[in-house]
Amino acid sequence: MLSQQDMLEAERHGKQVRSIYVYEAPVRLWHWINALAMVTLAVTGYFIGKPLPTMPGEASDNFLLGYIRFAHFAAAYIFAIGLLGRIYWAFVGNHHAKQIFKLPITNAQWWSEVFFELRWYLFLEKTPKKYVGHNPMAQLMMFFFFTVLAVGMVFTGFALYSEGAGLGSWQDSLFGWVIPALGGSMQVHNLHRLGMWIMMTFALVHVYAAIREDIMSRQSLISTMISGWRMFKD
Amino acid sequence: MTETFYEVLRRQGITRRSFMKFCSLTATSLGLGSAAAPTIAHALETKPRTPVLWLHGLECTCCSESFIRSAHPLTKDVVLSMLSLDYDDTLMAAAGHQAEAILDEVKKKYKGNYIVAVEGNPPLNEDGMFCIQGGRPFVEKLRETCADAKAIISWGACASYGCVQAAKPNPTRATPVQKVITGKPIINVPGCPPIAEVMTGVVTYMLTFDRIPELDRQGRPKMFYGQRIHDKCYRRGHFDAGQFAEAWDDEGSRKGYCLYKMGCKGPTTYNACSSMRWNGGVSWPVQSGHGCIGCSEEGFWDKGSFYDRVTDIKAFGVEANADTVGKAAAGTVGAAIAAHAAVTALARARQKAGETDEQKGEK
């Protein structure tokens, strides 16, 4: 479905123009804001669970963990609101904007291309395929390790935040049920932290794959997320 | 006609002055303000007494021990006078068949109008044979007694969540009351044990107002379990400042810094310890220099070490904490990426060499 659409699109522009407009401005903006929020969340989150060495002096002179938690919560709001905005854009944006939210799992062609990509990454294929949007493998990973996980992090995160916000707060009304459902506050803390590690591990893979494909598959990836245009070298 | 609470209390030798003091104290501790004191007094004077039956399953009696040490002697006297008249096999004078007969009597006489307070829980394995009372499994006694009750109070972590006897692997299949009794309002009052004033507060509220207190999602009274230990902790300032005890005998520990790094479970525990404290307000765990162990939280025995903040997650028979898993995953993936990049570079170099050869050949 997707790749055929891509091919048509590529045919339409490809041979002459050799570049296609893929990521619209809101998607690009969200990508970088989200990346920044994620880095902030991971670093501050790490230090909330395992705080920095103790501060000298009076308690009234220090507010270190307070600031760290503030940064975490502020970045969390940006992350969550950004995610909401991104979901909105999946409805109103171009078809590439929908990719990370739905998988064409009933499409046999798509699955065969997932395995093709897997073989390509395992050095079993000599020449890569080109995709206007995400390649099917990337789409699959993105769906589970970003979209699903991000929703999970928002739910567990706001559930934990609701503990401080208190009973009856909107965070509690919307997300408070998560805590007993997952087996208590301590368990939710632990799972939220595990989610951070999974997301950071995925970020490693994401950055590596983007750089590698940028070089290997003779099409732009990193600059595409800045300019929005996918360039094909041949 | 059945007696009112007031009549019972007077018969127990409690003066009117003491009775009024008790009403004010209760109004205050329930957060209702002094204006509610006359309401409480009026209710106690006019309402027929609601009997409370106190059952004991698999437990250590720490809930009873806590309860009879309720800080204010008045509270203890008043509430105990109310309770001991009926059934509590640990505290009552009667024993054997005489005691068991009271259960039947109350059940018949006050059908649908008595409260059952359960301390401990029933074990379900081997048809409940791990806890026998009066020649019968406790679970049978519990089911029968609760069948005609108006409401049920689950005292402590045992009755609310299972506590130590339900910790993995739970050989007797000790099961919390809320999973055995259905179709009745159940009030969970967790803690190992719960704070005495919390216990008397809950009983008094129910007896006085003839309704159960407002409960949260886990069936706990909001008035006592609405906030975490952490939210009202007097060491919270040190937490926000980033000042922690890093070892049990270090400088920070002596200065009374936050015990978060020593594994304090205050941030994940709902209870009133930090505001009501223990033993008549003398002290409480954090004040005595040891972190909270989270005894009022579900399954606290199975939630990893009392002395770690990032605790182990048990799943699929594996036990590891989020940091161990995360660092291993990130490390492995990082190494895999490096290896993958190296192979890629190598393959590319070889391909290029091949291309150059081909080009040379063409020339």
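## Close-up views of a predicted two-chain model

**View 1. Where chain A meets chain B.** Here the contact draws 36 residues from chain A and 44 residues from chain B. On the chain A side, α3 (64-92) and α8 (185-216) each put in at least two residues. The largest share of that side, 15 residues, belongs to α8(A). Sorted by class, the chain A residues that touch chain B come out as 19 nonpolar, 13 polar and four charged. Keep in mind while browsing that this is a predicted model.

**View 2. Chain A on its own.** Following the sequence, the elements run α-β-α-α-α-α-α-α-α-α-β. The C-alpha trace of chain A spans about 70 × 35 × 35 Å along its principal axes. Of its 234 residues, 31% count as buried. As for how the chain folds back on itself, take the contacts in chain A between residues at least 6 apart in sequence: 65% of these join residues at least 24 apart.

**View 3. Helices α2 and α3 of chain A, side by side.** Two packed helices are described by the angle between their axes and the distance between the axes. For α2 (residues 25-49) and α3 of chain A, the axes come within 8 Å and cross at roughly 150 degrees. Angles over 145 degrees count as roughly antiparallel, so α2(A) is roughly antiparallel to α3(A). The crossing of this pair, α2(A) and α3(A), is left-handed. What classes of residue make up the contact of α2(A) with α3(A)? The tally is 16 nonpolar, seven polar and two charged.

**View 4. Helices α5 and α8 of chain A.** The axes of α5 (residues 136-165) and α8 of chain A come within 9 Å, crossing at roughly 150 degrees. That angle is why α5(A) is described as roughly antiparallel to α8(A). If you want to pick out the contact by residue, the α5(A) side includes A:F145, A:F146, A:L149, A:M153 and A:L160. Among the α8(A) residues they meet as a group are A:V188, A:L191, A:I198, A:M199 and A:F202. There are glycines in the contact too, including A:G152 and A:G157 from α5(A) and A:G195 from α8(A). By class, this contact has 13 nonpolar, seven polar and one charged residues. Recall from View 1 that α8(A) also gives 15 residues to the side of chain A that touches chain B.

**View 5. A:F155, a phenylalanine in α5(A).** Still in helix α5 of chain A, the focus is now A:F155. Is this residue buried or exposed? A:F155 is buried, because 20 other C-beta atoms lie within 10 Å, and 20 or more is what the buried class asks for. Leaving aside residues up to four places away in sequence, A:F155 touches A:F175 and A:V178. For a sense of scale, A:F155 and A:A42 sit 113 residues apart in sequence and 16 Å apart in space, C-alpha to C-alpha.

**View 6. Domains 1 and 2 of chain B.** Chain B splits into domain 1 (5-225), domain 2 (230-309) and domain 3 (317-363). The C-alpha centres of domains 1 and 2 of chain B are 28 Å apart. Their contact takes 16 residues from domain 1 and 15 residues from domain 2. On the domain 1 side, the elements giving two or more residues are α8 (156-161), α9 (196-209) and α10 (222-225) of chain B. That side of domain 1 has eleven nonpolar, one polar and four charged residues.

View 7. Most residues other than glycine have a negative phi, and most peptide bonds are trans. The peptide bond from B:K168 to B:P169 is cis, with omega near 5 degrees, and B:P169 lies in the loop between α8 and β7 (186-189) of chain B. The bond from B:C192 to B:P193 is cis as well, with omega near -5 degrees; B:P193 is in the loop between β7 and α9 of chain B. In chain A, phi of A:F123 is positive, near 65 degrees. A:F123 sits in the loop between α4 (108-121) and α5 and counts as exposed, with 12 C-beta neighbours inside 10 Å. Phi of B:T61 is positive too, near 70 degrees. B:T61 is in the loop between β1 (52-56) and α4 (62-67) of chain B, and is partly exposed, with 14 other C-beta atoms within 10 Å.

How values were computed: Residues are numbered from 1 along each chain as its sequence is written. Chains are lettered from A and ligands numbered from 1 in the order in which they are written. This is a predicted model: local features need pLDDT of at least 70, side-chain atom pairs count only at pLDDT 80 or more; totals for chains, interfaces and linings use all residues. Two residues are in contact if their C-beta atoms, placed from the backbone, lie within 7 Å. Helices (H or I, at least four residues) and strands (E, at least two) are DSSP runs, numbered from the N terminus. Ala, Val, Leu, Ile, Met, Phe, Trp, Tyr, Cys and Pro count as nonpolar, Asp, Glu, Lys and Arg as charged, and the others, Gly among them, as polar. Domain bounds come from an automatic or database domain assignment. Axes are lines fitted to C-alpha atoms, for helices over the stretch in contact, and angles run from 0 to 180 degrees between N-to-C directions. Angles under 35 degrees count as roughly parallel, over 145 as roughly antiparallel, 65 to 115 as roughly perpendicular and the rest as oblique. A crossing is left-handed if the near helix is turned anticlockwise from the far one by less than a right angle, and right-handed if clockwise.
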